[in-house]
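Below is a short note to go with the model.

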Amino acid sequence: MEIELKLSLEPGAADKLRRLALLRRHAGAKPSRGELPAIYYDTPDFYLMRHGAGLRVRAERGVWTQTLKAGGSVLAGLHRRHEWECAVGDERADLAALRAAMREAPAWAAVLAAPALQERLQALFTVRVRRSTWLLHVDGAEIELVLDEGTLEGCGQSQPICEIELELLSGQPGQLYDFALQLLQHLPLRLDNRNKAERGYALCLPAPGAPAPVTARALSLQRQAGVGEGLQAILGNCIAHIQGNEAGVLDGRDPECLHQMRVGVRRLRSALKLFAPVAPCPPELLAELDWLGAALGAARDWDVMATSTLALLPADAKPAAPLSEMVAAMRARQQRRVADALRSPRYTGLLLAFCAWLPDAGREGEVMLASLDQTLAEFADATLRAARRRLRKRGRRIAEADAHALHRLRIAVKKARYTAQFFASLYRAKPGKAYAAALGALQDELGWRNDVDVADRLLQQLPQDGAEQSAAVAFARGYLLARLAAQPDKLRRAWRALRDLPLPSAA
């Protein structure tokens with residue numbers, strides 16, 4: 001299993017990397033340098049890509065080597081992939097020789113045994129880089145640092161390459177993140193979840209348009225698993241949810257990407273609170289998550305105002321046009337701010353620091369809980385019951401609840417819903433879905449009310465330089481608040497439906 005952390009680097013900073021005293025301090029010798037041409041192969045219908053594999057033939061010092069990378073995972077730039085390689089006589093791939101090197105992996109060898117696959121292979125794209133390699137000894141770990149500079153060419157297109165790879169030769173994955181944090185103090189780095197093969201395929205595939213929003217993947221947990229195992233899976237799932245929407249937020253065309261990224265941050269913060277007795281998150285990391293959540297929240301509030309809240313106004317209302325223009329301008333400003341935040345070293349540092357902490361998170365707590373003989377299922381049962389008690393306390397007097405009380409209930413519902421989703425695989429599907437649906441219905445009802453409260457605050461931030469603008473803001477505020485006061489019954493029905501529903505039962 002190959003374990004490496006990929007970081008993109010601004011081309012102008014490559015010379016600065018070479019001069020870093022940090023590298024001289026940890027390197028046992030000067031870096032090796034060389035040209036590294038590589039040819040990537042697949043069929044016209046992308047057979048290997050569709051099976052999650054990438055095949056390249058690369059020359060180094062006149063020796064050709066073919067490599068298949070397949071399976072594995074990627075999280076916050078850390079790539080874990082199965083890798084097999086063997087020598088070949090020239091730049092052509094030889095699947096029979098590669099299968100012979102894969103005797104320990106019959107399933108992947110079978111992928112290469114498809115009829116006529118060898119004959120259908122063709123060169124798709126080429127990577128030409130100048131590679132500088134340092135062998136580093138860092139706090140007991142052995143790390144290979146590679147700087148690649150060059151181009152990726154294929155299907156009539158090309159793009160520059162300037163990236164760092166930190167490969168773990170010995171030690172723990174968290175040490176890669178720790179060293180990357182040290183590099184970040186000197187260099188403009190960003191985590192990269194795409195390898196060279198994925199970037200090459202992107203040149204050859206039809207333009208996808210705007211990046212699609214990424215929702216949270218369903219978790220598959222075992223009732224007899226340890227609490228630490230569940231913690232690692234849930235926190236990793238949240239980070240993947242956040243980072244999966246980066247490209248869409250930076251692109252800016254689909255507001256759902258921003259929404260999903262914000263949901264990912266909220267899920268992560270909720271999970272950290274759930275597991276705080278087991279794995280207390282360092283305060284400095286929580287503060288950075290608060291910063292990211294605030295940046296996303298400010299932009300998302302204007303998205304909601306533009307796409308949903310203003311739609312509640314009568315279509316023929318005269319103030320609608322000037323309001324739409326003012327809101328659009330504020331929305332665009334916030335989108336630029338959140339994009340700047342995601343491109344900043346602060347955001348990269350947050351992901352690196354969190355993933356450096358994650359591998360050891362919960363080890364002390366796991367020992368504590370093991371002494372109580374508690375499984376993940378028992379922890380989940382207790383957590384769901386506690387969330388249910390908070391809900392009943394917050395919703396007990398919903399009929400006379402003011403805006404502050406409804407806000408506290410909405411937060412409790414949201415946390416309970418995230419908890420139910422985290423642990424859904426531990427319970428029977430039908431009652432679990434019914435409980436999650438009831439939570440979702442109440443959250444939606446509370447949510448649009450909160451959107452109106454937020455809209456009232458945002459409307460007051462709009463410039464009111466003339467009588468038309470002032471009148472438009474006053475009309476919108478009055479109309480929305482009146483609509484909010486006129487619909488209490490739906491909220492009470494949604495609450496009763498949830499209140500009377502039993503908790504999910506064990507699978």
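**Notes on the predicted model**

1. Surface. The chain exposes about 24100 Å², and carbon and sulfur atoms supply 52% of that area. The coordinates come from a predicted model, and this applies to every value that follows.

2. Overall make-up. The chain has 20 helices and nine strands. Along the principal axes, its C-alpha atoms fill a box of roughly 80 × 65 × 50 Å. There are 507 residues, of which 49% count as buried. Taking contacts between residues at least 6 apart in sequence, 74% join residues at least 24 apart.

3. Helix α8, burial. Helix α8 covers residues 196–204, and seven of its nine residues are buried, so the helix is largely enclosed by the rest of the structure. The buried residues are Lys196, Ala197, Arg199, Gly200, Tyr201, Leu203 and Cys204. Note that Lys196 and Arg199 are on this list.

4. Helix α8, surroundings. The cover over the buried residues of α8 includes the strands β2 (32–42), β3 (53–60), β6 (122–138), β7 (141–154) and β8 (157–170), together with helix α3 (47–50). At the start of α8, the backbone nitrogen of Ala197 has a side-chain oxygen of Asn195 within 3.2 Å. Ala197 is also one of the buried residues of the helix.

5. Helices α12 and α18, geometry. How are two packed helices described? By the angle between their axes and the distance between the axes. For α12 (residues 283–309) and α18 (residues 429–459), the angle is about 110° and the axes are 10 Å apart. Angles of 65 to 115 degrees count as roughly perpendicular, and α12 and α18 are therefore roughly perpendicular to each other.

6. Helices α12 and α18, contact. From α12, the residues involved are Asp301, Trp302, Val304, Met305 and Thr309. They meet Asp451, Val454, Ala455, Arg457, Leu458 and Leu459 of α18. By class, this contact has seven nonpolar, one polar and three charged residues.

7. Residue Ala14. Is Ala14 buried or exposed? Its relative accessible area is 1%, and the cut-off for buried is under 20%, so Ala14 counts as buried. Ala14 lies in helix α1, residues 14–18. With neighbours within four places in sequence left aside, Ala14 is in contact with Leu9, Leu147, Glu149 and Cys162. The C-alpha atom of Ala14 is separated by 8.9 Å from that of Leu187, although the two residues are 173 apart along the chain.

Conventions. Residues are numbered from 1 along each chain as its sequence is written. This is a predicted model: local features need pLDDT of at least 70, side-chain atom pairs count only at pLDDT 80 or more; totals for chains, interfaces and linings use all residues. Side-chain values use heavy atoms; hydrogens and water are left out. Axes are lines fitted to C-alpha atoms, for helices over the stretch in contact, and angles run from 0 to 180 degrees between N-to-C directions. Helices (H or I, at least four residues) and strands (E, at least two) are DSSP runs, numbered from the N terminus. Angles under 35 degrees count as roughly parallel, over 145 as roughly antiparallel, 65 to 115 as roughly perpendicular and the rest as oblique. Contact means heavy atoms within 4.5 Å. Ala, Val, Leu, Ile, Met, Phe, Trp, Tyr, Cys and Pro count as nonpolar, Asp, Glu, Lys and Arg as charged, and the others, Gly among them, as polar. Buried means under 20% relative accessible area, exposed over 50%, partly exposed in between (1.4 Å probe, protein chains only). Accessible areas come from the Shrake-Rupley method with a 1.4 Å probe; for residues, only the protein chains shown count as cover. A polar contact is a pair of N or O atoms within 3.5 Å; within protein, one must be able to donate a hydrogen and the other to accept it, and residues adjacent in sequence count only if both atoms are side-chain atoms.
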